Amino acid sequence: MYMHARTLPDKMMRFLANIFGAYKLRALVIVLAVSSIYLYVFPSPTLVYIAVVLLHAGLGTIAGIFLVVKLRGIFSLRAFQDNSGWLLIFFGALVGTALFFIGTSRPQWNWMYAHIALSFAGVAVLASRWAGRKGWMAKGHWRPAIRVALFLGLAAACGLGGWKIREGLWLRAYQIVNPSTPPASMEGEGDGPDGPFFPSSAQTANQEKIPGKYFMESNACERCHRDIYRQWYSSVHHFSSFNNQWYRKSIEYMQDVVGVKPSKWCAGCHDPSTADYLIPRSSRL
Ligand code: HEC
Ligand code: HEC
């Protein structure tokens with residue numbers, strides 16, 4: 001019968017071509033591009049973000065397999081213009097695969113940028129080709145070249161815009177800036193008399209409390225930040241709280257003379273782990 005007449009390699013290629021059809025690859029590239037915009041522009045330490053990282057890496061792997069199947073076509077010189085977009089994406093995917101192994105921490109960011117730039121340039125060239133096939137600036141000697149340049153320029157502009165948003169939203173979020181002048185009266189400290197830490201000038205995001213444990217277990221940071229931890233340990237910052245006898249005596253004297261509440265002001269800087277409640281006299285160290 002017809003089917004039996006085909007050789008096994010022939011059948012396998014047909015099978016692969018069916019699974020790795022061009023449309024599926026295109027859909028994958030679109031999802032990868034959209035997820036990469038989210039990953040680059042809105043980084044956040046959330047589960048959703050991690051899920052998208054894994055999705056991007058997983059779909060990227062699948063798209064990589066598609067590309068390998070397409071490889072012979074991509075590298076054919078005859079259709080260089082048709083394939084240049086896929087070629088760029090292929091090299092972007094190669095760098096992306098390398099990122100699996102070298103990671104994307106700060107020292108590797110140049111590789112990550114290379115991955116983004118190659119892949120986006122590829123998507124821009126493919127989009128330009130698509131627009132050309134729809135008849136937009138398709139004819140003439142220069143117009144197709146100008147079309148490609150326009151799409152690449154648009155991709156670069158989007159990249160620049162994304163970079164601006166990332167710098168503004170992410171890198172500048174949670175920056176701690178000291179006020180240029182101290183408040184004129186106690187009411188001006190921190191979040192004011194209604195704040196949870198008043199009269200301390202300590203402030204937290206959304207006025208939420210940080211567990212005291214966080215400040216008590218500085219050596220928890222040592223595991224990863226050994227050098228910084230040692231610098232801190234051998235500095236006077238290590239003696240900023242009740243382990244400093246001058247401070248301790250000052251607070252004890254102060255609590256005897258003016259009561260407990262004002263000592264919360266000192267606690268905002270010296271012992272934040274106790275600043276979220278009034279220090280009861282009975283628990284004095
Ligand atoms: C499990 C490992 C780990 C532990 C534990 C850890 N960190 Fe980090 N920390 C990191 C990593 C990774 C980075 C990001 C480094 C990078 O982006 O290059 C980082 C970055 C930071 C930064 C930003 C540094 C910069 O230059 O931008 C600060 C501040 C920081 N950590 C403070 C702490 C404190 C305080 C603790 C203890 C409560 C702590 N870390 C515990 C792994 C850790
Ligand atoms: C705005 C933050 C802040 C507040 C509020 C604050 N301190 Fe300090 N305190 C510091 C800093 C920073 C130093 C270290 C200054 C230096 O060494 O030059 C320090 C140093 C000290 C020292 C000297 C410790 C030593 O070993 O030399 C004592 C004692 C002290 N503070 C007591 C207090 C008392 C009591 C209060 C409350 C009435 C208070 N501080 C409020 C930031 C603060």
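I then sorted the shell by class, counting Ala, Val, Leu, Ile, Met, Phe, Trp, Tyr, Cys and Pro as nonpolar, Asp, Glu, Lys and Arg as charged, and the others, Gly among them, as polar.

**Conventions.** I note that residues are numbered from 1 along each chain as its sequence is written, while chains are lettered from A and ligands numbered from 1 in the order in which they are written. In this predicted model local features need pLDDT of at least 70 and side-chain atom pairs count only at pLDDT 80 or more, whereas totals for chains, interfaces and linings use all residues.

**Ligand 1.** Around ligand 1 I found S105, R106, A220, C221, R223, C224 and H225. By class, I read this shell as three nonpolar, two polar and two charged residues.

**Domains.** An automatic or database domain assignment sets the bounds, and the chain is divided into domain 1 (2–173) and domain 2 (186–274). I looked up the C-alpha centres of the two domains and found them 50 Å apart.

**Helix α5.** I call a residue buried if 20 or more other C-beta atoms lie within 10 Å of its own, exposed if 12 or fewer, and partly exposed in between. The buried residues of α5 are N83, G85, W86, L88, I89, F90, G92, A93 and G96, and just after the helix G103 takes a positive phi of about 85°.

**Nonpolar core.** For the core I took sets of buried Ala, Val, Leu, Ile, Met, Phe, Trp, Tyr and Cys residues joined through C-beta atoms within 7 Å. In the largest such core, which has 20 residues, A63, I89, A121, A124 and V125 touch the most other members. At least two residues each come from α3 (22–41), α4 (47–74), α5, α6 (109–133) and α7 (143–171), and α6 gives the most, with seven.

**Single residues.** I found M137 in the loop between α6 and α7, with a positive phi near 50° although it is a residue other than glycine; M137 counts as partly exposed, with 16 C-beta neighbours inside 10 Å. V41 lies in helix α3 and is also partly exposed, because 17 C-beta neighbours fall inside 10 Å. P199 sits in the loop between α7 and α8 (212–216), and the peptide bond from F198 to P199 is cis, with omega near 5°. Last, I looked up N243 in the loop between α10 (226–233) and α11, which is exposed, with 11 other C-beta atoms within 10 Å.

Notes: Near = placed C-beta within 6 Å. Helix = DSSP H or I, 4+ residues; strand = E, 2+ residues; numbered from the N terminus.
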